[in-house]
Amino acid sequence: MSWTVSGTKRIGLVGPNGAGKTTLLRIISGESDPDEGSVSVAGIRIGYLRQETQEEASDRSVLEEALLAFRDVSSLHSEEERLIRDIESFQNHNDPEYEKLLSDLNHVHDRLVQHESHLVKPRTETILTGLGFANDELNRPITSFSGGWRMRAALAKLLLSDPDVLLLDEPTNHLDIDSIDWFEGYLKSFRGSVVIVSHDRYFLDRMVTSIAELSGGILTEYAGNYEYYLTERQERRATQCATWENQQKMISDTERFIERFRAKASKARQVQSRVKMLESLDRVPAPASDEASIAFRFPEPPRSNRSVFELSLFSKTYDGDGGRVEVFSDAGPLQVERGDRIALIGQNGAGKSTLARIMLGAEPFDGERNLGSKVTLSFFAQNQAETLPVNRNVYEVLQETAVGQTETWIRSLLGAFLFVGDDVFKPVSVLSGGERSRLALAKTLVSPANFLVLDEPTNHLDILSRQVLVEALQQYTGTYVVVSHDRHFLDQIAKKVWRVEDGTVREFHGNYSDYLWQVEHGTASQLKDTRSNGTVEDPGPKAERTGGPKTKDQKRKEAEERKKRKEKSIPSGHPDYSRLNDFQLNRMHQETEAKIIQKEFEKSDLENELADPVLFNDPKRGREVTQKLSEVQAELVVLLEQWASVGQELENR
């Protein structure tokens, strides 16, 4: 197998679990050696993000850990300090050694300017906050954070090192939806090549320009994103299958001819010709079989009453390191009705899992919780894998819960969650963390409950298994609330979105894409946040990102910022472009210009339609076109004003 990565490619590396994707990344990065062949990196710098952190125990803060990406700059600063001390110690300024020290110091200063050392700390803080760290968390010891937050610090350090090629192994696993949005914006501006291993279809569709499929030790490349790859692969396999079948028929016909006329002297030359032809034939390989068609259907749950769950106005606080921490403050009321399919989203630490536990009844809070009549609740938590019985094997754990189901049904379900063959007989005690999590999810889903609360159910599932879960939830006749950061998954299974933010819960109708539209264009546009990728603007002050619930002190500071803004009398809906950096402004300027062009085309089409006399035969359509033209013209005025304002801000810098 040979493979070349060059230029500014955005490659999604896909394939079934165990195909060797992580091994291939380790070989490219130099962490592992190939059994045969070699890797040539042609003097480029490679940055590799592993699935799990492997940092040494350290008392460094988050900021100090990320700043390790600038070891060269740090060494130059140390050299600068040494030279300054030596210079200050000289009494005789005419000494040639003194002149040499001044020359060396000037050289160090030149190198610091080349490295833009004055931007090192601001860049580091920008990337860390973009990945979800609050400003007051940057000086906390990294050892005080969970594994997921340490992964974010490792990702920040990798991005700051500015490699020529990025190798990313499941980079979105530990990011919330907001941080994934920021990360996508960063990757779009990255100048080098990126190789991404991910089970997040939405991320792959938006980020990659080609797909490399690793299967059976063979690497096959496809142009386009993941959605295109699925279609193209199907077409290629259909072509290969037809070619293989035609060749097999030709081989079979030839072999029959040889067998029939082998002993006939008059046909000897033709027989020998066909024998030689078969021997020299370049045989088409048999087409790889598609993944097994795995299907899982929930047991039919009992029908609940219309009201499934109610939560009054509620609050939740707990004791943190810095005093009382407020998670929810007079949030709600919330209601879940029979048939609701709710996606629960928000930043990590905003309170999604806390709300899920409140719904379960396992978390004390201020307020009232009411579970409806005839409601049976089944709950999957991220840490539920820790409760599995270690003295059972995989099959026995599921068999104990799936009462009345056949062995074939149980093994099919286990196959959907990546337990195939003899894996079903593995003792729970030897399972990895990911395997335990998948088994715990399978165990949760076989219960005939009519109300499911699932906290990050797609973690540790590959794309095929996620699709199995999607199809199962789509045909499920009960009610569910799902916490997830997988946007493609949420788009397919949600009909309502709950957004947890600033101690409250806001409700939006529709799936994740509908929620995004409402935030970008609809009545919820005040939720828009000034992201570092410059794709949206915020008329208000940027809220600090947090790795946990906001303290009262943080909320006080935000209230003061809002008050200052009112005092400045900045009109609502008028963005403060001075708060954006040059990259954000340039990106916004380009995107606004593209929108203006699109609206101009719409305006032209509508004007042409109005000029058509046939339109007068349909007064209703005429009114619709006139109204639409008026709306487009109004939108153009706003866009042109924004384009001019952003351009003026760029000129003033």
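Reply: A salt bridge is a side-chain nitrogen of Lys or Arg within 4 Å of a carboxyl oxygen of Asp or Glu. The model is predicted, so local features need pLDDT of at least 70 and side-chain atom pairs count only at pLDDT 80 or more, while totals for chains, interfaces and linings use all residues. Residues are numbered from 1 along each chain as its sequence is written, and side-chain values use heavy atoms, with hydrogens and water left out.

The structure holds 28 salt bridges. One of them joins the side chains of E137 and R140, at 3.9 Å from N to O. Buried means under 20% relative accessible area, exposed over 50%, and partly exposed in between (1.4 Å probe, protein chains only). E137, at 8%, is therefore buried, whereas R140, at 30%, is partly exposed.

A second pair is R206 and E184, whose closest N and O atoms are 2.7 Å apart. R206 lies in helix α8 (residues 201-207) and E184 in helix α7 (residues 177-189), so the pair ties together parts that are 22 residues apart in sequence. Helices here are DSSP runs (H or I, at least four residues), numbered from the N terminus. E184 is buried at 1%, and R206 is partly exposed at 40%. Both residues also belong to a network of salt bridges that links D181, E184, D200, R206 and R487.

R236 and E232 form another salt bridge, with 3.3 Å between the closest N and O atoms. Both lie in helix α9 (residues 226-261), 4 residues apart, about one turn of the helix. R236 is partly exposed at 34%; E232 is buried at 18%.

Conventions:
Helix = DSSP H or I, 4+ residues; strand = E, 2+ residues; numbered from the N terminus.
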